[in-house]
Amino acid sequence: MAVSPVAGLNSKLSLPSGKQQHSKFTGQSVRAIPIRILTVGKNRSQGVQLIVDEYMKKLRNYCSVDDVRIKSNPKNARDVVAQIEHEDIAVMGLIKPDEWVVMLDERGHDVGSEQMASLIGDAGNKGASSLLFCIGGPYGHGRQLRERANISVKLSSLVLNHEIALVVLIEQLYRGWTILKGQKYHH
């Protein structure tokens, strides 16, 4: 089963339950649209940045990819609700109108690697200008992003901090492209 596209980029997407054995795109051409990964958080550790750089290099063999960072709590709000709102405004200011937005959230759809590959392929073949993955700050995503997101997915049943979520996401994006291209995954 694959990600089900629906008409209009601002429509919500849904994922079927169950696992698929092969990508529906195997042997087909997939339009490589740019991927942007937006992370709300503080400075990254050197170790995480090394891993991110390594996977960015690998991923760029398949598509362009940008690493966009927004400072957590950009206006130094003392109130958690105000912090989430300020981060939400900053995130919304970076979203393009014709972009597929994937919000990473612990309550999102549980996806496997093949479903992630199908999501990438569907976005590329259905007219999106780019694919944006949003990793929230310490208190999660704001209301505006939740309403704008085309789909919400979780990377794990565990709650992951933004650095670990980024590493898992970028590895899965690379794995997704190897699935789309019918290639054996290389570590």
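Let's start with Thr39, which touches Arg44, Val68, Arg69, Ile70, Ile135, His162 and Leu166 when residues up to four places away in sequence are left out (contact means heavy atoms within 4.5 Å). Thr39 is found in strand β1, residues 35–41; helices (H or I, at least four residues) and strands (E, at least two) are DSSP runs numbered from the N terminus. With a relative accessibility of 3%, Thr39 counts as buried (under 20% relative accessible area, with exposed over 50% and partly exposed in between, using a 1.4 Å probe and protein chains only).

Before going further: this is a predicted model, where local features need pLDDT of at least 70, side-chain atom pairs count only at pLDDT 80 or more, and totals for chains, interfaces and linings use all residues. Residues are numbered from 1 along each chain as its sequence is written, and side-chain values use heavy atoms, with hydrogens and water left out.

Now for the helices. The axes of α1 and α5 come within 10 Å and cross at roughly 20° (axes are lines fitted to C-alpha atoms, for helices over the stretch in contact, with angles from 0 to 180 degrees between N-to-C directions). That is why α1 counts as roughly parallel to α5, the label for angles under 35 degrees. On the α1 side the contact is made by Val48, Ile51, Val52, Tyr55, Met56, Lys58 and Leu59, and α5 brings Glu163, Leu166, Val167, Ile170, Glu171, Leu173, Tyr174 and Trp177.

What about the rings? A search of the whole structure finds 3 aromatic pairs; rings of Phe, Tyr and Trp (its six-membered ring) pair if their centres lie within 6.5 Å, and planes under 30 degrees apart count as stacked, over 60 as edge-to-face and the rest as tilted. Tyr62 and Tyr174 make a tilted one, 6.0 Å centre to centre with 55° between the planes. Tyr62 lies in the loop between α1 (46–59) and β2 (65–71) and Tyr174 in helix α5 (residues 162–180), so this pair ties together parts that are 112 residues apart in sequence. Tyr62 is buried at 16% relative accessibility, and Tyr174 is buried too, at 6%.

Tyr62 also pairs with Trp177: the ring centres are 5.9 Å apart and the planes are at 10°, so this pair is stacked. Here the link spans 115 residues, from the α1–β2 loop to helix α5. Trp177 is buried, at 1% relative accessibility. Ring pairs join Tyr55, Tyr62, Tyr174 and Trp177 into a cluster.

Technical notes:
Parallel < 35°, antiparallel > 145°, perpendicular 65-115°, else oblique.
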